[in-house]
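Here are my notes on the model, as numbered points. Have the viewer open while you go through them.

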Amino acid sequence: MTTATQTIEQFANKEYEWGFVSDIEAEAIPKGLSEDVVRLISTKKKEPQWLLDWRLKAYRYWTTMEEPRWWPNVTFPPVDYQNMIYYSAPKPKKQLKSLDEVDPEMLKTFEKLGISLDEQKRLTGVAVDAVFDSVSVATTFRGKLAEMGVIFCSFSEAVQNHPELVKKYLGSVVPYNDNYFATLNSAVFSDGSFAYIPKGVRCPMELSTYFRINAKETGQFERTLIVCEEGAYVSYLEGCTAPIRDENQLHAAVVELVSVGEGSQIKYSTVQNWYPGDKDGKGGIYNFVTKRGACRGRNSKISWTQVETGSAITWKYPSCILIGDDSVGEFYSVALTNHKQQADTGTKMIHVGKNTSSTIVSKGISAGRGQNTYRGQVKVLKGAENARNYSQCDSLLLGDKCGAHTFPYIEVKNTSSTVEHEASTSKIGEDQIFYCKQRGLSAEDAVSMIVNGFCKEVFKELPMEFAVEAKKLLGVSLEGSVG
Amino acid sequence: MLTIRNLHAKVADKDILRGINLTVKSGEVHAIMGPNGSGKSTLAGVLTGKDAFEVTEGEVLFEGKNLLDMKPEERAGEGIFLAFQYPVEIPGVTNNYFLRASVNSVRKYRGEPELDAAAFLKLVKAKAKVLHMPEDLLKRAVNEGFSGGEKKRNEIFQMAVLEPKLCILDETDSGLDIDAMKAVAEGVNALRSKDRAMIVITHYQRLLDHIVPDFVHVLSEGRIVKTGGKGLALELEAHGYDPIKAGMATV
Ligand SMILES: Nc1ncnc2c1ncn2[C@@H]1O[C@H](COP(=O)(O)OP(=O)(O)OP(=O)(O)O)[C@@H](O)[C@H]1O
Ligand SMILES: [Mg+2]
């Protein structure tokens, strides 16, 4: 083996750093899924009848569905849905009124993850909601946001305090019967985040949710709903980690974004680093999430940026439905797979309104025996006159045991629209690495630099602190201070 | 500075270098000429540690240290620089960023403090001026979309910034127009000093009009078959390599 290949392997074999387990007492309901479990979750959360009805409708529909095998290139054994816990909440000593009352062990966990809720609250301009297992434990900065009319809270609280908004928008973008995992989520979701930005408000800070699976044998089913009114803007960040466990754990989230009014804008960024399983493919999270946004207002915009480095399997297609005339959808993605990870990710851009435009930039990096698939759909309906799409899908291979695949589906129903697609696959070459070494760089720095350069177009879309984290995640040293 | 003794190397089971002997002292400029495929780039690759080449015999000393035991990045740290015949592209990484990482890696190797962004920028600006290097090239990704001549010029620019002890130029003149060649030669000449040595690989006399060598070597089939002064290059230009090869056959 050449030294360059060795370095690539080392790079691909980096240990998962977030794999610790926190010792926190949790209240969980017994394993298994039934109508009673759905009722129990709803009761625990003191939900109104309409929401229980919605959950039950979803549950009943789900029992008629089959676990999908959408694509032949992604393989896994059937998930045992009866051998899973659907609700696990860190046991509160009493009702939490402030961060000071949060279990110190849990605060320590977030500290270790680099999310100090306390510090965040005081020092930074980021409002954080932290979801631990299934339950939201802390939302910072709430007061300051409330002054501007911005609502940022856990999903459960939104159900209690803003039922009219939840009722109006829940399921309006991802209906309860959308697909197997979204339907399951609709039945059993336990918490998540809710954000509402009123007319004309530019949310002054990044809103951020940190998801952490801690308990064993639990699934995580969170739901995020973000609504932006006319002229409003919000940037939302989401991060995820989980302990190292031998069994696979299921994460089936749903995210719904609604750009309601004219000129509203939602920017949604994800750094997904769920435990990917060990190098032989044992354990790891099944990340089967449904993310979709609707641009309803004229000239509204939804932008998805994701950096996906974790999970054993990722199935994820953050999408935009461009209904309002002149609305804009964007998707920027970096997906890295190594060891035996499988990622099948991409986007759907559905052009409905006139002059709508969408941009897709996807960067897939495969290392080890990782399999990385870009799967994207661009659909231009008849009425979407002068719609424009530009897609660019690049794959980078590290080593020769991994794979990259690209499946663009394009459907255009009118003649005034333009759809452009570019794709490339390249391999980190020995020549590139040698060139860097000849200039004094270590092989490891060389690989980092090349990978980082490859992802640049996506990283520049991320908010600053996230970009730093993302680069770190890829084992990449900081770029951009010069030039 | 550099002593090569009886160097043999092979690639993919094919013997390429078959007993090279060469001594380069600081301050000297050595030109290496020779037919296509004779092993010139291979020699440059072996000196810089490219792992496709396997050294089967011989030794190479650089300032008394055994060069062949060092990793490529250590050799760079020691002050060996290769201007590549075919510079590679690194998409998404700006020239400036790459060069700063390079400068700081080399400084770190030598136990010197790293240059901060401001100090680095100052250095780069000064060097860019000397080499007539357009500043927008510095902000573009390393060699990406550069014309053939721009790539070569960029190599010499990097060399000027890194200020190595031993500069190896592999056909830096090919692909350069007349003005670019002059600019490059000027840059190279500016770097000539009594503490620095150069090995200039080329096919053409015209580069050697500008960068006047102390010695000219002819490499053929993996050996240095003839060594002379700057006049040898003129002779080769007039008569080609055949007389030398023929001469060898009669030995
Ligand atoms: N990776 C490789 N695999 C197989 N053969 C190689 C490899 N690298 C070099 N060679 C062979 O080694 C020989 C010497 O090549 P080298 O590049 O050193 O020649 P050169 O003197 O630089 O030629 P030119 O003047 O054309 O640049 C050639 O026959 C070439 O085909
Ligand atoms: Mg050559």
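**Ligand and metal sites, then the aromatics**

1. Start with Lys40(B): its side chain has an N or O atom 2.8 Å from an oxygen atom of ligand 1, a polar contact in the sense used here (a pair of N or O atoms within 3.5 Å; within protein, one must be able to donate a hydrogen and the other to accept it, and residues adjacent in sequence count only if both atoms are side-chain atoms). Asn36(B) does likewise, with a side-chain N or O atom 3.0 Å from an oxygen of ligand 1, and for Lys14(B) the distance is 3.2 Å. Of the 630 Å² of accessible area that ligand 1 has on its own, the protein covers 65% (Shrake-Rupley, 1.4 Å probe; for residues, only the protein chains shown count as cover).

2. Before going further, the ground rules: this is a predicted model, where local features need pLDDT of at least 70 and side-chain atom pairs pLDDT 80 or more, while totals for chains, interfaces and linings use all residues. Residues are numbered from 1 along each chain as its sequence is written, chains are lettered from A and ligands numbered from 1 in the order written, and side-chain values use heavy atoms, leaving out hydrogens and water.

3. Now the magnesium ion, ligand 2: OG of Ser41(B) and OE1 of Gln85(B) coordinate it at 2.0 to 2.3 Å. Donors are N, O and S atoms within 2.8 Å of the metal (3.2 Å for Na, K and Ca), and water is not among the atoms, so sites may look incomplete. Ser41(B) sits in helix H1 (residues 40-48) and Gln85(B) in the loop between strands E6 (80-83) and E7 (90-94) of chain B, 44 residues apart.

4. Are those two buried or exposed? Ser41(B) is partly exposed at 31% relative accessible area, whereas Gln85(B) is buried at 15% (buried is under 20%, exposed over 50%, partly exposed in between; 1.4 Å probe, protein chains only). The Gln85(B) side chain also makes polar contacts with the side chains of Glu171(B) at 3.2 Å and Tyr86(B) at 3.4 Å.

5. Over to the rings: there are 21 aromatic pairs over all chains. Rings of Phe, Tyr and Trp (its six-membered ring) pair if their centres lie within 6.5 Å; planes under 30 degrees apart are stacked, over 60 edge-to-face, the rest tilted. Trp62(A) and Tyr180(A) have centres 5.3 Å apart and planes at 40°, so this pair is tilted. With Trp62(A) in helix H3 (residues 49-63) and Tyr180(A) in helix H9 (residues 180-188) of chain A, the pair ties together parts 118 residues apart in sequence. Trp62(A) is buried at 8% and Tyr180(A) at 7%.

6. Phe155(A) and Phe189(A) have ring centres 5.3 Å apart too, but planes at 80°, so they are edge-to-face. Phe155(A) and Phe189(A) are both buried.

Key:
Helices (H or I, at least four residues) and strands (E, at least two) are DSSP runs, numbered from the N terminus.
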